[in-house]
Amino acid sequence: MAPENVHVPWAGTHRSRRPVVVPWTSDTALPSLKESHVAEPATPSGTPSDVVVLGGGSAGYATALRAAQLGLDVVLVESGKLGGTCLHNGCIPTKALLHAAELADGAREGARFGVRSTFDGVDMAGVNSYKDGVVAGLYKGLQGLVASRGITYVEGHGRLVGPDTVEVDGTRYTGRHVVLATGSYSRTLPGLEIGGRVVTSDQALGLDRVPSSVVVLGGGVIGVEFASVWRSFGADVQIVEALPHLVPNEDVSLSKSLERAFRKRGIQFSLGDRFAGVKETDSGVTVTLESGTTFDAELLLVAVGRGPRTADLGYEEQGVTLDRGFVVVDERLHTGVGNIWAAGDIVPGLQLAHRGFAQGIFLAEQIAGLEPTPLVESSIPRVTYCEPEVASVGLTEADARTTFGDDAVETLEYNLAGNGKSKILGTSGFVKLVRRKDGPVVGVHMIGARVGELVGEGQLIVGWEAYPEDVAALVHAHPTQNEALGEAHLALAGKPLHAHN
Ligand SMILES: Cc1cc2nc3c(=O)[nH]c(=O)nc-3n(C[C@H](O)[C@H](O)[C@H](O)COP(=O)(O)OP(=O)(O)OC[C@H]3O[C@@H](n4cnc5c(N)ncnc54)[C@H](O)[C@@H]3O)c2cc1C
């Protein structure tokens, strides 16, 4: 909270968006869930639960944990492993690989810092054992957490067979509310079959060797993260992206900077040329683009996005509207049918684990009658954990210009060359701020080693609609990379300190 003598231009705007937190105690009266019951009980015990959650990934288990914490009876149905994509095939294992990749780069670059070290190669068995150990530890912790909250955990494939009922292996589970959270799968292109040397991130995470060369189809988040890992591990990497830039959803300045950094690292990429086909041979693949260009490699990674897992689950039969497979919901994540809600990757928008967690918490609180504030999608931080990292929150410059008009937007780039800690780390990059003229900062965009860790501050700035003057008044610890954010705001507030013209 700002002291009274500090001008708080955003007062009254961000506060109205802040959720009202109602701590739950055993004395807290829960809303009339019992009264909203819409069907006869059909659970084996004959008593409907308060919530049946279909899918135990980030969105589903967050719903279940928070709902149980609020005193609701919860049934959680999961056909695979509790924790879903993020824990087993997504965020956690890829970030473990990226950490191993950082160590490989460190070993290579030791001499630059006066440390004698050499990179002797990668023992994939060792890397996998480290990665799997991290996943296993978190998995065990999560299982314990779910058990300790008294959640009824059902293993098996669930199907929505009524507006309040999920069937698993012939047994029906009825809830006063049903939350759909069945997540997503790796998509491919028409005619491009996965198998053999053509893999998705699922198979790539289980490789027992470092491929000598890889074509990565797709220059989005997943594609560039794998490209980064494999390059650090010593592979030749070629990315193929049909759009004009890598990480095409980011501010174009970040995309261009990442392209320069990847070029320097020897990661090849082809932009604006579409995939036409692949031929598999005994020793590798030949990938052809529409221009006729071909690339040979040992493997092809297909990283063209993730599709919602909503087919054949009974959703449409119950009246839930799907749009290209995604579940259509209102801002409160309601499907428009009975007490059916949806969260996570099946809901159109950013497919990120922390969005799923937040939506799950939101739904649990809403079902418990706490009236939480709907999430603001543009305030959700996005991090791509390649080297260098790319992190952002809020509007890109282009989006801000479309939203507010060309003349109503101001931007500032602060180069990490002026930041002591970045210099120590030997990283380059920048912080870019997008501001509504005479108004708050509406976008924070960053590139450089470790900038993912700075996005928390960026998120507060954008989420609380801070003015540059507000942030400039805050003291940032020295020497940290956070200082770069402070300095960027100092500069935007008209009083640059370590900024070179
Ligand atoms: C390689 C990769 C890297 C990623 N890295 C990041 C990252 O760094 N940060 C980030 O925020 N996000 C990352 N993501 C995205 C993140 O994993 C997803 O956004 C997140 O897992 C979505 O959560 P969810 O609960 O919606 O779906 P999921 O995690 O997919 O969970 C859905 C669950 O539902 C279960 N299920 C499906 N159908 C049924 C059924 N009929 N019956 C019972 N159970 C069912 C599935 O088994 C699954 O466990 C990454 C994804 C990938 C693939």
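## Burial and overall build

A residue counts as buried here if 20 or more other C-beta atoms lie within 10 Å of its own, with C-beta atoms placed from the backbone. By that criterion, buried residues make up 46% of the 501 residues in the protein chain. Please keep in mind as you look around that this is a predicted model.

The protein chain has 14 helices and 24 strands. Its radius of gyration is 24 Å, close to the 23 Å that the globule rule gives for 501 residues, so the chain is as compact as a globular protein of that length. Along the principal axes, the C-alpha atoms fill a box of roughly 70 × 70 × 45 Å. Contacts reach well along the sequence too: among those between residues at least 6 apart, 66% join residues at least 24 apart.

## Around the ligand

Let us turn to the ligand. There are 37 residues around the ligand, and G55, G57, G84, G183 and G344 come nearest.

## An open antiparallel sheet

Further along the chain there is a sheet worth a visit. Strands of a sheet pair through backbone hydrogen bonds, either parallel or antiparallel. In this open sheet of 5 strands, the pairing is antiparallel and the order is β20-β21-β24-β23-β22. At the edges are β20 (382-384) and β22 (409-415), each of which pairs on one side only. From one strand to the next, the twist averages 10 degrees.

For a closer look at one pair, start with β20 and β21 (residues 389-394), which pair in the antiparallel sense over 3 bridges. Here V383 stands opposite A391 in β21.

## Helices packed on the sheet

Two helices to follow next are α8 and α12. Helix α8 (residues 252-265) packs on the sheet and touches β21, β23 (430-436) and β24 (441-448). The direction of α8 makes about 0 degrees with that of β24.

Helix α12 (residues 455-463) also packs on the sheet, where it touches β20, β21 and β24. The direction of α12 makes about 170 degrees with that of β24. If you are tracing these contacts in the viewer, β21 and β24 are touched by α8 and by α12.

Note on methods:
Residues are numbered from 1 along each chain as its sequence is written. This is a predicted model: local features need pLDDT of at least 70, side-chain atom pairs count only at pLDDT 80 or more; totals for chains, interfaces and linings use all residues. A residue is near a molecule or strand if its C-beta atom, placed from the backbone, lies within 6 Å of it. Helices (H or I, at least four residues) and strands (E, at least two) are DSSP runs, numbered from the N terminus. The radius of gyration is taken over C-alpha atoms; the globule rule is 2.2 Å times the number of residues to the power 0.38. A residue is buried if 20 or more other C-beta atoms lie within 10 Å of its own, exposed if 12 or fewer, and partly exposed in between; C-beta atoms are placed from the backbone. Two residues are in contact if their C-beta atoms, placed from the backbone, lie within 7 Å. Two strands pair if DSSP finds at least two bridges between them. Axes are lines fitted to C-alpha atoms, for helices over the stretch in contact, and angles run from 0 to 180 degrees between N-to-C directions.
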